[in-house]
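Me: Let's go through this model by question and answer. Keep it short, please.

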Amino acid sequence: MAEYCISCCSTADLSKEHFDRRNIHYICFHFELGGQEYLDDLGQTVPPETMYRRMSEGADTKTSQVSIGEYEEHFEQFLKAGKDVLHLCLSSGISGTYNSACIARDSLQEKYPGRKIYVADSLAASSGFGLLMDTLADKRDAGMDIDTLYAWTQENKNRLQHWFFSTDLTFYIKGGRISKTSGFIGTVLSICPLLHVNFEGRLIPKEKIRTKKKVIERIVEQMEQNAQDGLNYAGKCYISQSACLEDAQAVAALVEERFPHLNGKVEIYPIGATIGSHTGPGTVALFFWGVPRTD
């Protein structure tokens, strides 16, 4: 079996240490904070707490995806070493980066006809994307070849459930995801919208829930309804959060109480710069393997 590497975008929002330990390679998105451009490098250059503090203080943010040239350079380092590549991109429902990666793949395939370059649309984001990559690393380490792993990815990626809520609507309003009127009313009434990522990889509002306590309970109820094997779910569970660690810990405690067969403790990660530039502080996201997304 030919040697191969698995790779993703930095928007998978795990830690550098986690990616290094699992031998998962990544390529960085770009973002601007207060007019200064940085790499979204898993918080190494701009720690999450710094970014969210500056956003709260009024600093503007902007994001940009990986260029075709950057993808070519990233893939070629492995191809030159005689390795095949399986790369997963941030959901096409959120970003156009998948198209850029495909163009880079096609260009390099002509240059390296003997090598395999698979590019897949993850239909995932943040640490849900990370949980998908972690699972692929498990299968690679168990001996699965690149062709079978690519096929498994395409068949199963829609089972990665994403549920999230926000207690601060400021940046949803700023980004046009919520109107100013709805945002004002929501803030006054302490409404915390519950959203998910659908089968097309798009962010979809599901419910408007009043008070943080109720939305924390409701997001765990969604896991009960959608997790593989229900309350007997025995897979991993990841949470990502933007400057609201206590809320994330409250969700994690409830998940661990309701799901006694989890594979380890719930793991909590910061929402990275690219995703966080759009959510702002106050967002908690819950990820687990479950039933296929159908809406």
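Me: What volume does the largest pocket have?
Reply: The model is predicted, so local features need pLDDT of at least 70 and side-chain atom pairs 80 or more, while totals for chains, interfaces and linings use all residues. Side-chain values use heavy atoms, without hydrogens or water, and numbering starts from 1 along each chain as its sequence is written. A pocket is an open set of points on a 1 Å grid over the protein atoms alone, where a 1.4 Å probe fits, with protein on both sides within 12 Å along at least five of seven lines. Counted as the space filled by probe spheres set on the points, the volume of the largest pocket is about 430 Å³.

Me: Which helix gives the largest share of the lining of the largest pocket?
Reply: Lining residues have an atom within 4 Å of a point. There are 27 of them, with Ile94, Ala125, Leu203, Ile275 and His278 nearest the centre. Strands E5 (61-64), E8 (160-166) and E13 (283-289) and helix H11 (273-279) each supply at least two. The largest share, four residues, comes from H11.

Me: How is H9 oriented to H10: roughly parallel, roughly perpendicular or oblique?
Reply: The axes of H9 (residues 212-226) and H10 (residues 245-258) come within 10 Å and cross at roughly 40°. Angles under 35 degrees count as roughly parallel, over 145 as roughly antiparallel, 65 to 115 as roughly perpendicular and the rest as oblique. Therefore H9 is oblique to H10.

Me: How many charged residues are in the contact of H9 with H10?
Reply: Contact means heavy atoms within 4.5 Å. H9 contributes residues including Lys212 and Glu217, and H10 residues including Asp247 and Arg258. Eight of the contact residues are nonpolar and none polar; the charged ones number five.

Methods. Axes are lines fitted to C-alpha atoms, for helices over the stretch in contact, and angles run from 0 to 180 degrees between N-to-C directions. Ala, Val, Leu, Ile, Met, Phe, Trp, Tyr, Cys and Pro count as nonpolar, Asp, Glu, Lys and Arg as charged, and the others, Gly among them, as polar.
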